Amino acid sequence: RREPSQQQTRRSAAHDSAFLRACRREPVPHTPVWFMRQAGRSLPEYRKVREGIPMLDSCMRPELVTEITLQPVRRHGVDAAIFFSDIVVPLKAIGIDLDIKPGVGPVVAEPFRTRADLARLRPLTPEDVPYVTEAVGMLTAELGTTPLIGFAGAPFTLASYLIEGGPSRSYERTKAMIYGDPELWADLVGRLAGITSGFLKVQIEAGASAVQLFDSWAGALAPADYRQFVMPASAKVFDAVAPYGVPRIHFGVGTGELLGLMGEAGADVVGVDWRVPLDEAARRVGPGKALQGNLDPAVLFAPREAVEAKTREVLDAARGLEGHVFNLGHGVMPATDPGALTHLVQYVHEQSRR
Ligand code: 1CP
């Protein structure tokens, strides 16, 4: 085997967890639950430990990363932890001048515009992110049988931040490059695929049990353009981590028309937002893949009975699936009552117990 035995041992502690079983489409004692952005501003204990520490700095402190990653596991009893980091951390680690601005998101000092900018993207090595290896090691030791999900941003979504210089609604500069200079675009997402693969490998080698590739903004593209300009780079990432044999999850927002292609790119589990019911999503994705989702995160602001009714709708739509991991259709909103999340975990477990 290519990896040290300690990581292998830690990963196997989680092997029979409901989460990993559902990802592998095996029978489960209950439907596993975790939430995108489960660590974060919805938790007072998160706000407390983050006080005065900029977002990117916090991602580089292994003890803090470990504490923040464990907080939602302790509080909610979710079935998986997700590594606390951000999709732009590997870009920062190879020297791109960027910051995460509170209330805004990632902001890139000098946006990518020309072929000359490609030289700013060198491959990522484990030495670039020693704090990730350290934090994943500490986490898997603490988590025991609870699996740790590693993650990275997909080439399209990362490219959109690099080209637009920050969050965008319409991706006009990104699309201008895709359609205006397809060769430059292909080279850009090719390099990003290498960086993303490197970042996922670091997390898996350190002990992560599954990985999620976030192509959050891929829903901005029509299927034909997704297939031509995005899918090859994402497929390269999935192929690069395939030898490890850990489940690979693929998620984006507003990707109803892309679900089949996102599975085809090489995912074992396809994440679905709330716009497509899971039974319909399963038809679009086809056999041989598990699904993850898909309660609208805004539903958590409704009274408990309404949350329960909407949760039963999700579970009912998932009844015939080969594998189902319960999640929200996108990240937990910062103003969400943490009590509503704890109750949701209990409710899904109780309603799905076999
Ligand atoms: O100071 C803060 O608390 C800033 C808020 C914050 C947090 C908590 C940001 C800025 N990133 C994070 C952590 C983070 N980012 C996690 C933590 C693990 C968990 O889920 O518990 C994860 C998985 C991410 C991944 C991420 N970052 C994505 C993909 C997921 C998604 O939401 O679609 C994206 C698109 C980003 C970029 C980003 N980073 C931060 C923000 C506010 C954004 C989005 C900006 C935008 O709208 O474009």
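Visitor: How many helices and strands are there in the protein chain?
Guide: The protein chain has 16 helices and nine strands. Helices (H or I, at least four residues) and strands (E, at least two) are DSSP runs, numbered from the N terminus. This is a predicted model, in which local features need pLDDT of at least 70, side-chain atom pairs count only at pLDDT 80 or more, and totals for chains, interfaces and linings use all residues. Residues are numbered from 1 along each chain as its sequence is written.

Visitor: What is the mean pLDDT of the chain?
Guide: The mean is 97, and 99% of the residues in the protein chain reach 70 or more; pLDDT is the predictor's confidence in each residue, from 0 to 100.

Visitor: And the ipTM and pTM, what are they?
Guide: For the complex, the predictor gives an ipTM of 0.92 and a pTM of 0.96.

Visitor: New topic: how far apart are the end C-alpha atoms of helix H10?
Guide: They are 36 Å apart, which agrees with the 36 Å that the 25 residues of H10 (residues 182–206) should span at 1.5 Å a residue. The expected span is 1.5 Å times one less than the number of residues.

Visitor: What comes just after H10?
Guide: Gly207 follows, with a positive phi of about 130°.

Visitor: What share of the chain is buried?
Guide: Buried residues account for 50% of the 354 residues. A residue is buried if 20 or more other C-beta atoms lie within 10 Å of its own, exposed if 12 or fewer, and partly exposed in between, with C-beta atoms placed from the backbone.
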